[in-house]
Structures are given as C-alpha cells and as structure tokens.
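Here is a short walk through one structure. Keep the model open while you read.

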Amino acid sequence: MKRSRNVKIVATLGPASETYETIRALHEAGADVFRLNMSHGSHPEIAEKHKIIRQVERDLDSPIAILADLQGPKLRVGVFANGAEELEEGAKFRLDLDEAEGDAARVCLPHPEIFQALEPGAHLLVNDGKIRLVVDACGPDFADCTVETGGTISNRKGVNVPDVVLPLAALSEKDRADLEFVCNLGVDWLALSFVQRAKDVYEARTLADGRAAVLSKIEKPQAVEDFEAILDASDGIMVARGDLGVELPVAAVPPIQKRLVRKCRAAAKPVIVATQMLESMIESPMPTRAEVSDVATAIYEGADAVMLSAESAAGQYPVQAVQTMDKVAIEVEADPTYTQIIAASRSAKGTTVADGIVAAAREIAEKTEIKAICCFTQSGTTALLTARERPGVPIIAMTPVSATARRLCLSWGCHCVMTPELDRFKGAVVNAARAARAGGYAGDSDQIVVTAGVPFNVPGTTNILRIAPCDERLIYSTDPE
C-alpha cells in the first residue's frame with residue numbers, strides 16, 4: 001500500500017482495536033506495523049490478532065510487520081492491609097521480603113535480587129516515580145528508606161531502581177514462553193523490555209534463532225550508558241520514553257532521544273520513538289499542539305517510526321490517532337527545513353561496495369530526474385543501507401523473502417514489494433520498472449535507479465547500480481542479459 005510519507009507508524013492493538021474491521025481501517029489509515037503487547041492478553045487472544053493481521057495483509061496485498069513486545073521483569077510492591085497508605089515526605093519506610101500485608105511503615109518487595117544490588121543512597125521510584133525513596137540502610141532482605149517525595153502507595157505498584165544494575169535476567173520465564181510462542185506464530189520483530197546490557201540482547205537472539213528480528217527498548221539509564229554495545233547486538237531500537245523519563249530526569253530525555261536516533265541511523269538500524277506521543281487522543285478526537293510538535297520533532301530528527309500505545313490499543317479514537325500521525329508526517333516531510341535537517345545529519349559510514357552503491361544511488365537520484373530507487377535485497381541489508389541515506393525519492397525494496405519484506409515495513413522510506421527469485425539482471429530491471437509503475441512511483445517516460453547483487457539471491461553481494469528506463473521496450477533493447 002503506497003504511503004505519501006517515509007516515516008513509519010506503529011500502532012498497538014488492544015481492546016479498542018481487535019476486530020478485523022478496525023485493524024484493516026488502521027492499516028488503511030497509515031499503520032505500517034502492529035504491536036502486540038505481551039503484558040496483556042492470553043496466547044489465544046494474541047494468536048487471534050496475529051491471524052487477523054495476516055488476513056488484512058492478504059486482502060490488501062500489502063506487507064505488514066508484526067512486533068511482539070515482551071513484558072520483561074516487572075518489579076512491584078506487595079499488598080497493603082488497607083489497600084493503600086499515604087507516605088509523608090521525610091517519613092521512614094521499609095521494604096522487605098516479609099509477605100505479610102503492608103502498612104504505613106513497611107511493605108513487601110518480593111524481589112530479593114533488588115536487595116542484593118542496593119546500596120545506601122540508591123533511589124527507589126514507586127508508581128512511575130510519583131513516590132521517591134532513598135535508601136538509608138539495606139541488607140539481603142530489607143531496605144530502610146526515607147521518603148523524599150510522598151504520595152499514595154497502593155497494592156502492586158511498580159518499582160524502578162535507576163541507580164544500580166540489577167542482577168535480573170532480561171527474560172523472565174513468562175518472557176521465554178511468550179518468545180517461543182510468538183516466534184512459532186510468525187511475528188517479525190521481538191521487542192525486549194528493560195534491557196540493561198548487550199548480553200541481555202544476545203540471550204534473546206539465541207532463543208529467537210533467526211525467526212524474528214530483535215529490537216531493544218531503551219528505558220533504563222544503564223542501557224543509555226551501554227548503548228553502543230546494545231545497538232551492535234540489536235536489529236533495531238525503541239526509545240521508550242515512559243520508563244526512561246521515570247528513571248532519568250525528564251529534562252535529560254529529549255537530548256538522549258536525539259543522540260540515540262542519530263546513532264541508529266548511522267548504524268543503518270531502524271529506531272522507533274515511543275510513548276505518550278498523542279496521549280490526549282485516548283479520550284479526545286483532537287491532539288494537543290504540544291503532542292503534534294512532539295511527533296513532528298521525532299520525524300525531523302530522522303526516526304524510522306513513531307508509535308501509538310494506548311491511543312490505538314484502548315483509546316476512543318484509534319483510527320483518528322493514526323490519521324493524525326499520518327497527516328503530521330506528510331506535512332513535516334514536505335517542509336524544506338526537513339530536507340535540510342536530514343541532509344545535514346547525513347554522515348558517511350562504511351567502506352564496503354554496498355555502502356558506495358547506495359550512496360551513489362542517492363546522489364544520482366537527488367541530482368537528476370530519477371523517480372525511485374529500486375533495491376533488490378535478500379536479507380534486507382541493502383534496503384537498510386539505502387534508508388540510512390534518507391534519499392529524496394521513494395525506496396522500493398524488492399525481495400523474494402516475505403520475512404524480509406515484513407521486517408522492512410519498520411524502516412524509513414521502504415516500500416516493500418514481493419518479487420519472484422531472479423537469476424538475470426535484465427529480469428531484475430524489468431521487475432523494478434513494473435513495480436515502480438504499478439505503485440504509482442513512476443511512469444513509462446521516467447527513469448529509476450536499480451541496485452542489485454550478482455550472483456542473485458545471495459545476501460551481501462550488492463555490486464551493481466543501473467539507471468533504467470521504466471519503458472520495458474527500452475530495457476529489452478538496451479540492457480545486457
């Protein structure tokens with residue numbers, strides 16, 4: 001399905017968007033990727049959503065990426081005898097392993113690994129940081145704290161520990177079961193929650209065993225510090241600003257977002273900016289001006305995708321939220337300032353033949369009347385390198401591998417087209433010209449850039465660049481076999 005923009009839209013599915021009619025409407029409105037949140041829903045419910053997405057894909061003949069977001073280790077306090085207590089600033093409060101119901105002086109924190117890592121002076125954040133505790137003294141089964149910021153603490157509220165690396169496995173038993181289930185189901189991307197270090201990613205990659213690409217969610221200070229290694233281990237990144245804004249000062253999040261987006265682009269790996277992008281549209285058909293500006297900023301920065309969470313999963317206006325993102329993206333990308341920013345942030349990376357080919361393709365396309373860059377790709381690498389260039393013309397990613405086409409739905413500017421396996425370069429050029437015409441990217445009198453690799457159907461062999469006419473008669477009369 002042809003889009004009038006390059007940035008992609010990720011829409012989370014939930015109670016507000018679980019029927020065929022709504023999921024189809026979301027895709028037609030602009031959703032390129034559907035996120036399945038494994039924190040909510042049983043395996044049968046997840047399987048049903050997956051089935052519907054694939055049905056929409058077939059009905060519209062349009063590749064769709066499915067991202068399964070693993071829950072990760074959730075840290076929560078226990079329960080209170082009264083259901084909730086009010087903690088006053090300056091008061092003393094204990095966290096321990098005692099399973100007895102809590103009161104105004106203490107509550108159970110059933111995570112011994114937290115106590116193993118804590119040190120005096122460390123902070124504990126409860127209920128998305130609304131309550132802040134500082135550790136005065138701690139042992140293997142307790143932490144005595146002073147309340148820095150008071151508030152109401154209630155049953156099973158989440159706990160963040162920003163100051164220390166926790167000795168937690170990145171994948172809980174639930175995550176492992178979920179990972180195996182969704183990989184067998186056939187998702188395209190796995191999102192890992194609360195990644196702290198690169199070895200967390202390698203563990204997931206081993207379990208996925210190539211069945212899905214692995215995307216790391218950056219939502220902890222430790223992940224920001226070890227970002228280079230995490231990026232190297234990952235196929236993609238999500239800047240998950242919700243927990244990141246809890247564990248770090250909120251003022252630190254925007255510059256971190258900008259740095260991470262640029263590093264991902266330089267590495268030719270897709271990056272999603274997520275959380276609270278159009279939060280008010282959960283209940284309102286109109287976003288705030290600040291939210292629109294937030295979405296626009298992520299697009300100006302060069303993000304591959306922007307994401308809707310509760311807006312599309314549980315909101316009252318899921319389709320309108322996608323339409324709003326689509327309109328903002330189209331408006332931003334039409335702004336000459338956007339083109340200037342994207343060009344100014346382009347940095348030469350890589351020394352391979354493929355790097356040179358895609359850089360030349362972008363240069364030629366922007367300086368002539370070329371209408372599109374058609375890249376043949378087996379694994380998706382050539383399309384990712386082309387997307388890194390952020391060319392001013394559409395990228396038509398042509399592949400015989402359905403998994404590659406779906407994964408590339410997350411990447412900036414990639415319009416994915418399935419093509420049969422080819423063994424002749426002339427056949428590739430003809431297929432590229434047909435795809436450009438059929439998609440409305442070019443007409444008979446136009447020209448396109450075609451990149452491919454010989455021998456065909458071998459990943460990592462991009463070594464040909466051809467300026468080709470879209471008129472097939474000219475191709476057959478001028479192109480070599």
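Predicted model: local features only at pLDDT ≥ 70, side-chain atom pairs only at ≥ 80, totals over all residues.

Both faces of strand 14 are covered. Gly236, Met238 and Ala240 are buried on one side, and Ile237 and Val239 are buried on the other. Buried here means under 20% relative accessible area, against over 50% for exposed and in between for partly exposed (1.4 Å probe, protein chains only). Strands are DSSP runs of E with at least two residues, and helices are runs of H or I with at least four, numbered from the N terminus.

Residues are numbered from 1 along each chain as its sequence is written, and side-chain values use heavy atoms, with hydrogens and water left out.

Now the pairing. Two strands pair if DSSP finds at least two bridges between them. Strand 13 (residues 213-218) pairs with strand 14 in the parallel sense, over 4 bridges. Met238 in strand 14 is the bridge partner of Lys217. Strand 14 also runs parallel to strand 15 (residues 271-274), joined by 4 bridges. There, Val239 has Val273 as its bridge partner.

Is Asp32 buried or exposed? Asp32 counts as buried because its relative accessibility is 6%. Leaving aside neighbours within four places in sequence, its contacts (heavy atoms within 4.5 Å) include Arg3, Ile64 and Cys409.
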